[in-house]
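Please keep the sequence and the 3D view at hand while reading.

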Amino acid sequence: MKIAVLPGDGIGPEIIAEAVKVLQRIAQDGFDFTFEFAPVGGAAYAASGHPLPEATLSLAKSADAVLFGAVGDWKYDTLERHLRPEQAILGLRKNLGLFANLRPAILYAELADASSLKPEVVSGLDILIVRELTGDIYFGQPRGRRTAPDGAFVGQPEAFDTMRYSRPEIERIAHVAFKAAQGRNKRLTSVDKANVLETFQFWKDIVTEVGQQYPDVQLDHMYVDNAAMQLVKAPKKFDVIVTGNMFGDILSDEASMLTGSIGMLPSASLNEKGQGLYEPSHGSAPDIAGQGIANPLATILSAAMMLRHSLGLPEQADRIEAAVQKGLAQGLRTPDIHAPGTQKVSTAQMGDAVVTALG
Ligand SMILES: NC(=O)c1ccc[n+]([C@@H]2O[C@H](COP(=O)([O-])OP(=O)(O)OC[C@H]3O[C@@H](n4cnc5c(N)ncnc54)[C@H](O)[C@@H]3O)[C@@H](O)[C@H]2O)c1
Ligand SMILES: CC(C)[C@H](C(=O)O)[C@@H](O)C(=O)O
Ligand SMILES: [Mg+2]
């Protein structure tokens, strides 16, 4: 099985090294993983002048799965947009058709104290955010800068983006979300802004329509501002959340803090053929890069999702998740989840602990 490994920028290489270490330990038990590394993001721009070189894209397309670190660095923020590191992950999602982004927010019991919310609000938390990943205002055309052609500020410089969703795009993500809910507690909350945006009234109408095919799933709708509030008020009331690209980006970062840290939230991005890219939900964290203190668990848990969703090895995925829990139960914590009475460890020590816990 060929795994394309794209470490990227900032803490990307540090956290990816730990996930690869864990996968190599799994491989020792008789699984044939081949790792092929390629540059992506700012690292690729620095090496070859483009954040998503053709060779990296074709490796990703030809692989059985892609393991991705993170991209981005403040030093590239002034580049023309098409050369910025973030275009690499956007380009991979678009080129591979990775429209379904699964972001599970699960609180490990050992981390109840690490969450910024009271333990009773978050203990036992297990929700799944299904984020549409290849549409919405992220990719809508036209976009750009111009002189305002009309309105109160006619003649002034302005910038604009386009929020849009087509019927098939909404239908296919709705099916993914309803099916996910069927495999869980059979509740689905569709998050929109239908009270203001036509795109999201359309979204709501179509999700409701698709819902008729899933009578066993209880569907409700919530405006995104309310959802942001409910996520910190009573997060356990959610089971599966389905939403658009931008709302899903924001709500999943918010949900990550319920689990103790953004360093705990994995993700799977899947296409219609079941191919997938696996990455932590967080970014390249340039503020802590190179210090060996980043939490590698979101990336290790993303590798577990890869085994489950792309490589047909669900038992091995369970094994990794159990090993993560074991490491936490031993009291080992990177600084982002450290609490009194626990032992502060480095990125590599956390990865080693997971490997050891695999037995
Ligand atoms: N998919 C991606 O590659 C991706 C995702 C988000 C942001 N980014 C990019 O990352 C760069 C930084 O963005 P940002 O600062 O807004 O978001 P970020 O997620 O990189 O960091 C936000 C905060 O969380 C902390 N953090 C993130 N991951 C952590 C981990 N594993 N362990 C411990 N702490 C962690 C960081 O130190 C920082 O304080 C930007 O260039 C942004 O575009 C990339
Ligand atoms: C880096 C950026 C393009 C990306 C996004 O907005 O999707 C990130 O925030 C994420 O959540 O994966
Ligand atoms: Mg994000």
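## Terms and conventions

In this report, contact means that heavy atoms lie within 4.5 Å, while helices (H or I, at least four residues) and strands (E, at least two) are DSSP runs numbered from the N terminus. This is a predicted model, in which local features need pLDDT of at least 70 and side-chain atom pairs count only at pLDDT 80 or more, whereas totals for chains, interfaces and linings use all residues. Residues are numbered from 1 along each chain as its sequence is written, chains are lettered from A and ligands numbered from 1 in the order in which they are written, and side-chain values use heavy atoms, with hydrogens and water left out.

## Helix 4 and what follows it

Helix 4 (residues 86-95) has as its buried residues Ala88, Ile89, Leu90, Gly91, Leu92 and Arg93, where buried means under 20% relative accessible area, exposed over 50%, and partly exposed in between (1.4 Å probe, protein chains only). The cover over these buried residues includes strand 1 (2-8), helix 3 (54-62), strand 3 (65-70), strand 4, strand 5 (126-132) and strand 12. Just after helix 4, Gly97 takes a positive phi of about 65°.

Gly97 is also one of the residues in contact with Asn271, which, leaving aside its neighbours within four places in sequence, meets Leu96, Gly97, Leu98 and Phe99. Asn271 is located in the loop between strand 11 (268-270) and strand 12 (276-278) and is buried, with a relative accessible area of 8%. Its side chain reaches the backbone oxygen of Leu96 at 2.9 Å, and the Asn271 side chain also makes a polar contact of 2.8 Å with the side chain of Gln275. A polar contact is a pair of N or O atoms within 3.5 Å; within protein, one must be able to donate a hydrogen and the other to accept it, and residues adjacent in sequence count only if both atoms are side-chain atoms.

## The nonpolar cores

A nonpolar core is a set of buried Ala, Val, Leu, Ile, Met, Phe, Trp, Tyr and Cys residues joined through side-chain atoms within 4.5 Å. The largest one has 88 residues, of which Ile3, Leu23, Phe33, Leu67, Ile320, Val324 and Leu328 touch the most other members. Helix 10 (residues 297-309) supplies the largest share of this core, eight residues, and at least three residues come from each of domain 1 (1-99 + 290-359) and domain 2 (102-135 + 165-270), these bounds being taken from an automatic or database domain assignment.

Not counting residues up to four places away in sequence, Ile3 touches residues including Leu23, Phe33, Leu67, Met306 and Leu311. Apart from this core lies another, of 18 residues, among them Ala60, Val71, Ala88 and Leu277.

## Two annotated sets

Which residues does UniProt list for "binding site" in an unreviewed entry, together with Asp225? That record lists Asp225, Asp249 and Asp253, in the numbering used here, with feature names shortened and annotations that may be inferred rather than shown by experiment. They span 29 residues in sequence, yet no two of their C-alpha atoms are more than 14.5 Å apart, so they gather at one spot. Of these residues, Asp249 and Asp253 are in the lining of the largest pocket.

UniProt (unreviewed entry) also places the feature "binding site" at Arg93, Arg103, Arg131 and Asp225. These are spread over 133 residues of sequence and are also spread in space, with up to 26.5 Å between C-alpha atoms. From this set, the lining of the largest pocket takes in Arg93, Arg103 and Arg131. On a 1 Å grid over the protein atoms alone, a pocket is an open set of points where a 1.4 Å probe fits, with protein on both sides within 12 Å along at least five of seven lines, and lining residues have an atom within 4 Å of a point.

## Three annotated residues in detail

Arg103, in strand 4 (residues 100-106), counts as buried at 2% relative accessibility, and its side chain is joined to that of Ser252 by a polar contact of 2.9 Å. Asp249, in helix 9 (residues 245-258), is partly exposed at 27% and has a polar contact of 3.1 Å with the side chain of Tyr138 through its own side chain. Asp225, in helix 8 (residues 224-233), is partly exposed at 45%, and a polar contact of 3.2 Å joins its side chain to that of Lys193.
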